[in-house]
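Please read them with the structure open beside you.

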Amino acid sequence: MPSFKVPKIPSSEITPQRIYARRREILGLMAGGAALAAAPSAFAAALKTVPSPYRLDEELTPRESVTTYNNFYEFGTDKGDPAANSGTFKPMPWTVEVGGMVAKPKTFGLEDLMKAYPIEERIYRMRCVEAWSMVIPWNGFPLASLLKAVEPLGSAKYVAFESVVRPEEMPGQTGGFQPLPWPYVEGLRLDEAMHPLTLLAVGLYGETLPNQNGAPIRLVVPWKYGFKGIKSIVKITLTDKQPPSTWNILAPQEYGFYSNVNPAVDHPRWSQATERRIGTGGFFGTSRVDTLPFNGYADDVASLYAGMDLKANF
Amino acid sequence: MAPAKLSPRAQSALVWAVYAVGLAPALWTFWLGASNQLGADPVKTFERFLGLWTIRFLILTLAITPLRDLGLFNGLRYRRALGLLAFYYAALHFLTYAVLDQTMVLSAIVADVVKRPFITFGMIALTLLVPLAVTSNNASIRRLGSRWSSLHRLVYPVAALGALHYSMAVKVLGAEQYIHIGLLVLLLAYRIARPRLMEAKRQKRRAAA
């Protein structure tokens with residue numbers, strides 16, 4: 001249940017530890033006359049954010065964990081691969097093409113999108129289908145804001161998403177072992193896409209998205225398994241047919257189109273009843289907690305699925 | 001190829017070195033996990049690590065015979081140590097799963113073992129390794145005689161179940177899985193072909209004599 005809490009210090013104003021730890025080095029660089037422009041672009045830009053009512057009252061997963069433990073197969077299948085292999089990816093300039101069954105199709109520049117909509121800070125649970133979870137402060141705007149701008153036609157029933165394909169910058173998209181077909185694609189029903197919880201994230205922890213987290217713009221649907229949150233989006237298409245989704249193409253008996261978090265419906269190979277909450281690191285900072293229906297967002301979204309058999313539509 | 005003659009004392013020191021070197025990765029990685037140096041999901045990382053090294057020691061154990069047959073390396077004296085290391089890693093893998101991952105919730109563990117085929121396979125493999133570990137001493141070899149060899153052929157179904165368990169535990173098969181499972185399949189296939197290969201070798205020797 002969302003409850004409004006006035007943040008003491010917005011995370012956008014907290015100096016990230018890795019920069020704080022290098023403060024002397026940075027001061028030295030500046031004193032030495034080295035222009036900041038010469039500093040590595042790895043320093044994410046701070047975002048100006050507004051508070052939102054969607055603030056979970058749970059301990060945040062440390063930024064270090066959020067940015068080093070990722071599934072982003074475009075950069076490799078190991079959890080550490082995205083952080084290790086995404087350094088050469090260029091998230092700017094970027095455009096998102098929005099079209100299909102809309103009255104006003106348009107290709108948006110990312111900077112225009114970030115100016116057009118207030119960037120909210122939303123603290124959401126993130127539940128991976130592999131039975132681990134995090135609590136992440138995302139920065140972004142509702143997908144509904146963008147969809148309203150292009151005016152969906154009455155015939156539109158679904159929204160299809162497509163990720164970027166750049167083998168020259170994404171080592172997982174080249175070589176002999178290609179785990180997935182590219183581009184990565186995902187989809188939502190239009191009412192799911194228009195739900196106020198559904199977020200287009202452009203940042204986390206008050207800074208622009210790191211490459212390994214889906215820079216520069218990604219989807220966050222907190223009541224669904226993490227793989228529904230497609231990263232590095234280049235194309236959004238409104239359609240009247242249920243769009244394909246990558247994991248569903250790969251293993252339809254294991255990953256459904258809906259993929260709502262549901263402790264009562266197990267993955268065919270493992271249980272979904274509980275999850276490992278990624279903590280402060282170390283064996284004894286990890287805990288196992290019960291998985292909640294719709295990842296704890298049942299009050300907000302269960303009505304979307306009224307009368308539906310959630311076991312059949314997993 | 002004639003191996004250099006070693007004194008019995010040096011031979012036994014080498015075997016102990018295999019145990020020490022073999023257990024070092026587990027101890028070191030446990031220390032990393034306990035002291036928060038094993039990344040965001042240390043329990044899963046450690047669990048996977050122990051499982052992967054179980055597979056690796058199974059591969060090394062099964063490689064001894066073909067390497068000797070081919071005259072490349074006579075490692076027979078290390079086979080017991082390698083086999084026992086596979087058992088120790090499998091046992092630690094299960095302990096990590098039960099204690100650190102499932103936090104000793106017995107109902108969850110039982111449900112997993114009964115309901116999840118890949119966990120069932122892993123559990124059977126570990127159970128089959130127990131009698132092999134228990135009889136991995138000279139006294140048992142003497143006492144069991146030819147039955148000892150028959151009993152220790154259980155390592156073949158263990159390897160097959162291990163490969164199955166490993167392949168089903170991951171979301172997609174990658175290079176790491178193809179290499180390790182490929183080696184296991186190759187080593188098991190060698191056992192099927194071995195009687196004929198040995199027979200051919202004997203005939204060649206007889207013809208030459």
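1. A:Ser65 counts as buried in this predicted model, because its relative accessibility is 6%, which falls under the 20% limit for that class. The residue sits in helix α3 of chain A, a helix made of residues 63-66. Leaving aside neighbours within four places in sequence, the contacts of A:Ser65 are A:Met134, A:Ile278 and A:Gly279, together with B:Ala40 from the other chain.

2. The size of an interface is often expressed as the accessible area that is lost when the parts come together. Between chain B and chain A the buried area is about 2,300 Å², and carbon and sulfur atoms give 61% of that area.

3. Across the interface of chain B and chain A, 6 salt bridges are found; one salt bridge joins the side chains of B:Lys115 and A:Asp266, with an N to O distance of 3.6 Å. Residue pairs in polar contact between the two chains, with both residues at pLDDT 80 or more, number 10.

4. What secondary structure does chain B have? Chain B has 9 helices and 0 strands, and its C-alpha trace spans about 65 × 40 × 40 Å along the principal axes. Of its 209 residues, 40% count as buried. Among the contacts in chain B with a separation of 6 or more, 66% are between residues 24 or more positions apart.

5. The unreviewed UniProt entry places the feature "transmembrane region" at residues 12-31, 51-70, 82-100, 120-139, 151-169 and 175-193 of chain B. Two of these annotated spans can be set beside the model. Residues 12-31 of chain B are 100% helix and 0% strand, with their end C-alpha atoms 28 Å apart, while residues 120-139 of chain B are 85% helix and 0% strand, with their end C-alpha atoms 32 Å apart.

6. B:Ser167 lies in helix α8 of chain B and counts as partly exposed because its relative accessibility is 22%. A polar atom of the B:Ser167 side chain lies 2.9 Å from the backbone oxygen of B:Leu164. Not counting residues up to four places away in sequence, B:Ser167 touches B:Leu173 and B:Ile181. B:Ser167 and B:Phe118 are 49 residues apart in sequence, with their C-alpha atoms 8.5 Å apart in space.

7. For chain A, the unreviewed UniProt entry places "domain: Oxidoreductase molybdopterin-binding" at residues 90-247. In the model this span is 14% helix and 37% strand, and its end C-alpha atoms lie 26 Å apart.

8. Is A:Tyr297 buried or exposed? A:Tyr297 is buried, since its relative accessible area is 6%, and the residue lies in the loop between β13 (287-290) and α9 (298-301) of chain A. A polar atom of its side chain lies 3.0 Å from the backbone nitrogen of A:Arg125. Beyond its neighbours within four places in sequence, A:Tyr297 has contacts including A:Leu56, A:Ile123, A:Leu197 and A:Trp223. A:Tyr297 and A:Trp223 are 74 residues apart in sequence, yet 5.9 Å apart in space, C-alpha to C-alpha.

9. Over all chains, the whole structure holds 28 salt bridges. The side chains of A:Glu169 and A:Arg166 meet in a salt bridge at 3.0 Å, N to O, and both of these residues are buried. In another salt bridge, A:Arg189 and A:Asp191 have their closest N and O atoms 2.8 Å apart; A:Arg189 counts as buried at 13% relative accessibility, whereas A:Asp191 counts as partly exposed at 33%.

10. In chain B, B:Glu199 forms a salt bridge with B:Arg206, with the closest N and O atoms 3.7 Å apart. B:Glu199 is partly exposed, with a relative accessible area of 31%, and B:Arg206 is exposed, with 54%. Salt bridges that share partners also join A:Arg276, A:Arg288, B:Asp41, B:Lys44, B:Glu47 and B:Asp101 into one network.

Conventions. Residues are numbered from 1 along each chain as its sequence is written. Chains are lettered from A and ligands numbered from 1 in the order in which they are written. This is a predicted model: local features need pLDDT of at least 70, side-chain atom pairs count only at pLDDT 80 or more; totals for chains, interfaces and linings use all residues. Side-chain values use heavy atoms; hydrogens and water are left out. UniProt positions are given in the numbering used here, feature names are shortened, and annotations may be inferred rather than shown by experiment. Helices (H or I, at least four residues) and strands (E, at least two) are DSSP runs, numbered from the N terminus. Buried area is the accessible area (1.4 Å probe) that two parts lose on being put together, summed over both. A salt bridge is a side-chain nitrogen of Lys or Arg within 4 Å of a carboxyl oxygen of Asp or Glu. A polar contact is a pair of N or O atoms within 3.5 Å; within protein, one must be able to donate a hydrogen and the other to accept it, and residues adjacent in sequence count only if both atoms are side-chain atoms. Buried means under 20% relative accessible area, exposed over 50%, partly exposed in between (1.4 Å probe, protein chains only). Contact means heavy atoms within 4.5 Å.
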